[in-house]
Amino acid sequence: MFVQVLMQIAVVVTVMLVITMGVVVGRRRIRRTVGEYRTRLRAIAPIVVVLATVLLFNGVARQIVPDLSWMIGWNLTWEIYALEGEFILWLQSYATPPVTAYFSFIYIYGYIFMLIFPVVAYFALPDTRPLRELLTAYTLNYTLGLVCYVLVIAYGPRNMMPELVEALLYDTYPRYQHLTRQVNRNTNVFPSLHTSLAVTVGLMAYRTREAYPRWFPIALVLAISVSVSTMYLGIHWAIDVLAGVGLAYVSVALSARLVGRWSLADFRSHASGARRIVTRGD
Amino acid sequence: MDPYPGDAERRVDRRTVLAGLAAGGLTATSGCVRQTRSVVNRDGAEQLSLTITTVPSDVDRESIRIARILRNNLEAVGIDVTIDMLAVEEFYRETLVNHDFDCYVGPYHGDMDPELLYELLYSAFADEPGWQNPFGFTSLTFDELLEDLHESPDEDRPEHVADVLDVLADEQPFVPLCVPEELRLVRTDRFEGWDDHHLATRLGYLGLEPLGPDDADPPNELRGVVTDPRPTENLNPLSVEYRERGTYVDLLYDSLGTADNDGDEGESGDIYPWLAESWEWEDRTGAESTTDVTVTLRPEASFHDGEPLTADDVAFTYRFVEDTSLDEGPVAAPSPRYRGKVAAVESIEALDDRTLEMSIETGRQAGERALTVPILPEHIWAERTDEASVFGFARRPGATDAVVLDNVPPIGSGPYQFVDRSERERLHLERFDEHFSLGVDGLPQPTVERFTTRVAPRSASAIEIVEENDADVTVSPLESYSIEMVSETESVRLHRSPSQTFYHVGFNLRQAPFTSPYFRQVFARLLDKAHLVEEVFEGYARPVATPLGDDEAWVPEDYRWGGETGTGSEGEDEGEGEGEDEGEGEADDPSAPFLGSAGDVDVSRARRAFEEAGYRYDDRGSLLVRQ
């Protein structure tokens with residue numbers, strides 16, 4: 001069943017990618033990329049290696065994080081609940097089947113699409129800096145997120161209020177829980193990595209809006225939808241989502257500072273802070 | 001909890017006062033200073049704060065819901081409540097091992113034999129980790145009643161049970177809430193014989209008959225699905241944190257006798273010789289009703305690693321459960337599981353390889369129950385007596401390797417042996433071809449070659465997996481919320497086993513306010529059990545007044561749910577002219593009638609009950625205690 005779910009996701013996300021590539025990137029950029037892909041790959045190779053290492057480490061570390069957390073961590077579930085009260089309940093009071101279907105789709109498919117698309121789109125730009133910044137920001141998200149997960153134990157709203165907060169995703173589409181259980185452990189809700197990665201993509205889309213004017217509004221809608229979906233589906237508290245936005249901001253700001261600083265490939269780049277990336281493709 | 005919540009405040013107070021004294025204090029007389037000291041160094045009354053410990057909904061949806069309802073009711077009567085949700089292993093470690101809790105909500109899985117009262121409440125167990133007296137209840141007079149019950153011959157047990165329940169209803173060291181129904185989903189097109197035995201026990205998975213659809217080969221793999229990943233992480237029979245019903249341990253290990261609990265609801269079931277070929281009971285009549293039992297083991301028994309299973313292994317197991325350090329540790333390290341059962345055995349001695357003599361201090365029923373302890377291989381467990389520690393540091397006296405090890409791979413002698421596992425995903429067992437049951441007619445046998453189990457995240461997905469023919473049975477019972485999702489067909493049906501579980505609220509009697517029986521009595525009356533059953537269990541449970549599941553065999557009618565009020569602090573509420581809002585709950589629960597109706601606490605009655613128990617309220621309606 002796990003494999004089936006994965007296949008389905010792969011097909012749907014691929015279709016979404018192909019369509020959006022056509023609309024946002026355009027045929028000319030793609031053609032040029034085919035000619036230049038070697039040099040671009042060389043430019044992004046270091047950060048790809050770093051990200052891959054972090055992801056691999058993350059996969060292993062996630063297995064032991066709960067054990068570490070229960071030894072050293074703070075269990076903040078009650079504090080979060082006491083602080084934000086029943087916001088999630090209020091949000092779910094607007095639940096209707098179409099809205100649930102929309103947010104479930106966003107949470108699974110929209111999110112995965114959102115992470116992959118900018119990687120492909122930025123690869124189609126002659127300047128590799130946006131892509132390097134994006135991958136650096138992903139790396140920072142995963143690294144800082146993991147630190148938070150070790151330090152903080154928090155269960156999501158559906159674990160605290162099962163009867164009020166319907167676990168909409170899992171009860172409507174039980175098969176998806178195989179997916180998320182493989183990927184996440186249920187104590188890892190603070191911060192929301194779904195939110196932080198989606199917002200990271202949104203912030204990067206803002207910074208690259210001159211190169212990809214059509215991507216920014218799409219990314220904005222998706223980023224907001226993903227953030228809301230995590231709360232609407234009862235997976236995250238509002239505080240997790242706020243922390244996720246904070247993590248995204250920190251990751252993007254840090255990556256803007258870090259990228260180019262120790263770069264082997266990009267000597268000419270001015271290692272300026274949060275300057276907007278102006279990339280006039282061709 | 002902060003042990004001295006008022007302390008920081010007090011220090012500040014003292015400093016402020018001293019500053020005041022320094023400024024204008026020269027005129028103060030010594031009497032005035034003494035009086036000031038008397039006030040400053042005195043703790044005042046504060047609002048009572050409690051923590052309810054429980055598990056998140058992914059582990060047990062019912063427990064967290066009960067905990068939240070309980071919290072609302074307690075807050076309504078002026079008590080400040082925090083809920084502490086712990087991972088399930090942490091939950092059991094904090095409550096049963098560390099005894100670090102105020103009160104908890106959770107299930108108890110057992111056989112509902114009256115002996116469980118002895119295990120749960122006998123004073124001498126209060127300091128031990130595990131299910132033996134986790135509440136820290138100590139009472140000399142109650143101990144006498146428990147001893148009478150423990151040692152009583154079978155025919156006198158009901159009378160002693162009544163005596164114990166009588167006092168129990170007053171003491172309320174824990175509040176039994178309800179017995180949930182035990183429902184599983186089974187595929188009847190692949191196997192037959194699901195109804196022969198209880199599906200939480202080893203026998204449930206033996207003697208199944210594989211069905212070949214249309215002359216195809218019958219299945220040689222039994223596919224289970226669980227919603228609890230713990231059997232894929234740890235297979236230690238003695239680990240209290242990782243075991244609920246112990247179904248897998250039951251299949252991997254043998255015991256001398258095996259319980260066949262497929263009788264009627266609540267019946268504790270008979271115990272038949274299993275690893276023992278036979279046993280002989282000899283009552284030694286006299287002042288002390290001691291019984292001797294001579295056990296003969298089956299000749300062909302061996303462990304999965306090929307070592308023979310002898311009487312020495314059996315004798316070792318019973319000594320080991322009592323003290324896993326085998327008298328070598330600085331303090332005794334009793335096993336957190338099976339301790340209550342082993343308590344019936346006074347002494348055990350191996351006469352030769354196949355014969356044992358045991359002296360039993362209880363009657364026969366309780367004694368046979370002691371024969372259901374899994375037999376451990378001495379050559380493996382005798383090495384596990386060292387004090388538990390991390391690389392020789394962080395030593396934990398009173399715990400040994402035996403109780404902290406994952407015990408993977410487990411070497412038992414049971415009908416199935418361990419092959420492989422993938423943590424939190426799969427557990428793979430295969431038939432132990434040397435198992436004695438395969439050579440003895442009339443015993444249920446492991447008919448299927450392989451027994452694979454996968455972990456599903458929740459009951460909803462477990463149901464889907466069985467319905468799509470990816471599994472044959474939900475080894476974990478279904479959570480009550482999911483039962484409505486089942487669509488029974490010709491090949492998939494719901495299977496009901498007599499329930500051996502009761503939900504309860506456990507109190508920690510080692511610390512205030514639960515040291516006070518008066519407080520516990522009122523607390524117990526703040527939960528509407530009938531309402532919980534409807535609300536939380538969606539009707540798939542029945543409320544109970546006693547921990548014995550209100551079993552007719554043991555519990556006199558007056559003490560059962562729906563029985564006449566017999567005990568408790570019932571009397572004082574009558575005749576106060578409030579006849580109308582005395583809810584229906586009142587008549588049903590003889591031990592702790594609900595202070596309210598239809599799930600809603602009657603705040604003024606509850607406050608009055610607390611006030612009569614000696615507690616005071618401030619003007620904001622907070623229940624005050626001395627810290």
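1. The hairpin of β18(B) and β19(B) has 3 residues between its strands, and B:Arg424 takes a positive phi near 65° there. This value, like every other in this note, comes from a predicted model. Strand β18 covers residues 416–422 of chain B and strand β19 residues 426–431; the two pair in the antiparallel sense over 6 bridges. Within this pairing, B:Arg421 stands opposite B:Leu427 of β19(B).

2. Chain B also holds an open sheet of 3 strands, in the order β1-β28-β27, with antiparallel pairing. β1 (45–47) and β27 (616–617) are the edge strands, each pairing on one side only. The link between β1(B) and strand β28 (residues 623–626) of chain B consists of 3 bridges, and these two strands run antiparallel. One residue pair can be named for orientation: B:Glu46 has B:Val625 in β28(B) as its bridge partner. For checking side-chain directions here, the general rule is that side chains in a regular strand alternate between the two faces of the sheet.

3. Chain A has 12 helices and 2 strands. Along the sequence, its elements follow the pattern α-α-β-α-α-α-α-β-α-α-α-α-α-α. Chain A has 282 residues, of which 54% count as buried.

4. Which residues form the nonpolar patch on the surface? The members are A:Ile64, A:Leu68, A:Met71, A:Ile72, A:Trp74, A:Val147 and A:Leu151, and their accessible area together is about 710 Å². Two helices of chain A, α2 (27–72) and α6 (129–151), each supply at least two of the residues. The greatest contribution, 4 residues, is that of α2(A). A:Trp74 sits in strand β1 (residues 74–75) of chain A. A:Trp74 counts as exposed because its relative accessible area is 54%, and the limit for that class is over 50%.

5. A patch of negative charge lies on the surface of chain B, made up of B:Glu144, B:Asp148, B:Glu151, B:Glu159, B:Asp163, B:Asp166, B:Asp170 and B:Glu346. The elements giving two or more residues to this patch are α6 (140–151) and α7 (157–171) of chain B. The largest share is that of α7(B), with 4 residues. B:Glu159 is found in helix α7 of chain B. Its relative accessibility is 51%, so B:Glu159 counts as exposed; the class begins over 50%.

6. Over all chains, a search of the whole structure finds 32 salt bridges. One of them joins the side chains of A:Glu133 and A:Arg207, at 2.7 Å from N to O. A:Glu133 belongs to helix α6 of chain A and A:Arg207 to helix α10 (residues 193–207) of chain A, so this contact ties together parts that are 74 residues apart in sequence. Both A:Glu133 and A:Arg207 are buried.

7. In chain B, a salt bridge connects B:Asp111 with B:Arg369, and their closest N and O atoms are 2.7 Å apart. This pair links distant parts of the chain, 258 residues apart: B:Asp111 is in the loop between β4 (103–109) and α5 (115–121) of chain B, and B:Arg369 is in helix α11 (residues 364–369) of chain B. Both B:Asp111 and B:Arg369 are buried.

8. Where in chain B do B:Asp472 and B:Arg190 lie? B:Asp472 is in the loop between α14 (459–467) and β21 (473–474), while B:Arg190 is in the loop between β6 (182–187) and β7 (191–192), which puts the pair 282 residues apart. Their side chains meet in a salt bridge at 2.8 Å, N to O. B:Asp472 counts as buried because its relative accessibility is 0%. B:Arg190 is also classed as buried, because its relative accessibility is 18% and the limit for that class is under 20%.

9. A last point concerns shared partners.

Conventions: Residues numbered from 1 in each chain as written. Chains lettered and ligands numbered in written order. Predicted model: local features only at pLDDT ≥ 70, side-chain atom pairs only at ≥ 80, totals over all residues. Heavy atoms only, no water. Patch = residues over 30% accessible without salt bridge, like charges linked within 9 Å, V, L, I, M, F, W, Y side chains within 5 Å. Areas by Shrake-Rupley, 256 points an atom, 1.4 Å probe, with all protein chains shown as cover. Salt bridge = Lys/Arg side-chain N within 4 Å of Asp/Glu carboxyl O. Lys, Arg positive; Asp, Glu negative; His and termini not counted. Charge placed at Lys NZ, Arg CZ, Asp CG, Glu CD. Buried < 20%, exposed > 50% of the residue type's maximum accessible area, 1.4 Å probe, protein only. Pairing = 2+ DSSP bridges.
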